[in-house]
Amino acid sequence: MARRPIALVTAAVLLLEAPGIVVVNAVMARFVKAQSMSLDGMDPDAMYTGTWALGIGSGIALVLCSLVALLAGVRDRRPGRAARGLLIGCAVVHGILAAVAVGLLGWPAFTFLVVVLGLIVLTLVAYGEGHGKAAGPREEVPAAA
């Protein structure tokens with residue numbers, strides 16, 4: 001099975017996506033600042049700061065997910081429980097963003113997000129619970145008399 005290439009490609013895609021999400025949030029923050037936009041009377045500076053914080057936090061989370069996939073691919077071992085939880089969370093966010101993106105941004109954005117979602121799920125499945133166990137059934141040793 002092609003576990004290593006899948007994990008390494010997933011790591012590369014997530015690592016390339018991280019600066020992209022930061023740039024998108026930077027552009028949105030600039031629009032918020034330039035237009036003095038607010039939601040229901042919120043301070044525009046708080047909206048600006050929150051947009052930047054979301055972008056930086058999302059970028060860090062994507063880099064961490066990329067690191068988890070990279071370590072899984074390099075070591076060819078299943079990620080730990082916390083690391084798997086991080087990848088599952090990343091997959092859920094990509095699925096939700098894909099559902100929203102199809103209506104707001106169109107099919108190309110949806111396709112990209114679903115491809116990344118598929119890579120994350122493939123990485124999780126490739127290093128699933130059965131990874132590292134014997135392929136065949138175990139032989140039972142007779143009990144001592």
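Helices here are DSSP runs of H or I with at least four residues, numbered from the N terminus. Welcome to the tour: this is a predicted model, in which local features need pLDDT of at least 70, side-chain atom pairs count only at pLDDT 80 or more, and totals for chains, interfaces and linings use all residues. Residues are numbered from 1 along each chain as its sequence is written, and side-chain values use heavy atoms, with hydrogens and water left out.

Start by selecting Trp 107 and Phe 110, which both sit in helix α4, 3 residues apart, or about one turn of the helix. They form the 1 aromatic pair found in a search of the whole structure. Rings of Phe, Tyr and Trp (its six-membered ring) pair if their centres lie within 6.5 Å; planes under 30 degrees apart count as stacked, over 60 as edge-to-face and the rest as tilted. Here the centres are 5.3 Å apart and the planes at 90°, so the pair is edge-to-face.

Now colour by burial: buried means under 20% relative accessible area, exposed over 50%, partly exposed in between (1.4 Å probe, protein chains only). Trp 107 is exposed at 59%, while Phe 110 is partly exposed at 25%.

Stay on α4 and pick its buried residues, among them Leu 113, Val 116 and Ile 120. The buried residues of α4 pack against α1 and α3 (contact means heavy atoms within 4.5 Å).

Next, select the largest nonpolar core, with 12 residues, including Leu 14, Leu 62, Leu 87 and Leu 124. Such a core is a set of buried Ala, Val, Leu, Ile, Met, Phe, Trp, Tyr and Cys residues joined through side-chain atoms within 4.5 Å. Its largest share, 4 residues, comes from α3.

Technical notes. Helices (H or I, at least four residues) and strands (E, at least two) are DSSP runs, numbered from the N terminus.
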